[in-house]
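Subject: Structure for you to look at

Hello,

Here is the structure we spoke about, with its sequence. Please open it and keep it in view while you read the notes below.

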Amino acid sequence: AAILGPLNMFVRTKELFMRWCELAAFTSVYRTHEGTQPNVNWQHDSDHDTIKFFGDFAKVHTAWAHYRKRLLMESSTKGLPMMRHMYMHFPHPDFINVVSQYMLGDTFLVAPVV
């Protein structure tokens with residue numbers, strides 16, 4: 001699938017690719033794809049450091065497989081998402097507008113550096 005419009009001019013740098021690897025390690029699916037401009041965008045195999053970095057975070061993703069399985073079961077039986085707004089577990093007005101971090105289940109706080 002191609003992205004049309006202003007996002008089509010977006011270029012994925014090495015730094016951005018690595019940040020996405022870090023974030024993706026704490027989601028249900030850890031994967032990459034070439035994007036709409038593979039010759040311009042940084043790829044998982046663009047250099048040795050990136051290959052190692054991608055592999056290291058694949059190990060992080062694999063390390064919490066048991067917890068992920070529990071969350072997927074909880075999602076299918078109770079309808080709760082794996083990635084949850086902070087307010088779901090901390091119902092305080094201070095958390096209503098928090099948009100730069102999330103809870104992974106009820107245990108882990110994921111707060112990407114932006």
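E15 and R19 both lie in helix α1, four residues apart, which is about one turn of the helix. Helices here are DSSP runs of H or I with at least four residues, strands are runs of E with at least two, and both are numbered from the N terminus. E15 and R19 form a salt bridge, with their closest N and O atoms 3.1 Å apart. The term salt bridge stands for a side-chain nitrogen of Lys or Arg within 4 Å of a carboxyl oxygen of Asp or Glu. R19 is partly exposed, at a relative accessible area of 32%. Buried means under 20% relative accessible area, exposed means over 50%, and partly exposed lies in between (1.4 Å probe, protein chains only).

Before going further, note that this is a predicted model, in which local features need pLDDT of at least 70 and side-chain atom pairs count only at pLDDT 80 or more, while totals for chains, interfaces and linings use all residues. Residues are numbered from 1 along each chain as its sequence is written, and side-chain values use heavy atoms, with hydrogens and water left out.

Overall layout

The protein has three helices and three strands, and along the sequence they follow the pattern α-α-α-β-β-β. Its C-alpha atoms fill a box of roughly 45 × 30 × 25 Å, taken along the principal axes. Of its 114 residues, 25% count as buried.

The other salt bridges

Side chains of opposite charge can pair when their charged atoms come close. How many salt bridges does the structure hold? There are six. One of them joins the side chains of D49 and K14, at 4.0 Å from N to O. This pair links distant parts of the chain, since D49 is in helix α2 (residues 48-63) and K14 is in helix α1 (residues 14-24), 35 residues apart. D49 is partly exposed, with a relative accessible area of 48%, and K14 is also partly exposed, at 26%. K14, D47 and D49 are linked in a network of salt bridges.

Another salt bridge is made by the side chains of R84 and E74, at 2.3 Å from N to O. Here too the pair links distant parts of the chain: R84 belongs to strand β1 and E74 to helix α3, 10 residues apart. Are these two residues buried or exposed? R84 is buried, with a relative accessible area of 3%, and E74 is buried at 14%.

The sheet

R84 also has a place in the sheet, where it stands opposite M103 in β2. Two bridges join β1 to strand β2 (residues 102-104), and these strands run antiparallel. Two strands count as paired if DSSP finds at least two bridges between them. The three strands form an open sheet in the order β1-β2-β3, with antiparallel pairing. β1 (83-84) and β3 (108-110) stand at the edges with a single partner strand each, so one side of each has no neighbour in the sheet.

Aromatic rings

A search of the whole structure finds six aromatic pairs. Rings of Phe, Tyr and Trp (its six-membered ring) pair if their centres lie within 6.5 Å; planes under 30 degrees apart count as stacked, over 60 as edge-to-face and the rest as tilted. Y67 and F108 form an edge-to-face pair, 5.2 Å from centre to centre with 80° between the planes. Y67 lies in helix α3 (residues 65-78) and F108 in strand β3, so the pair ties together parts that are 41 residues apart in sequence. Y67 is buried, at 11% relative accessibility, whereas F108 is partly exposed at 40%. Ring pairs also link F17, Y30 and F54 into a cluster.

Helix α2

Regards
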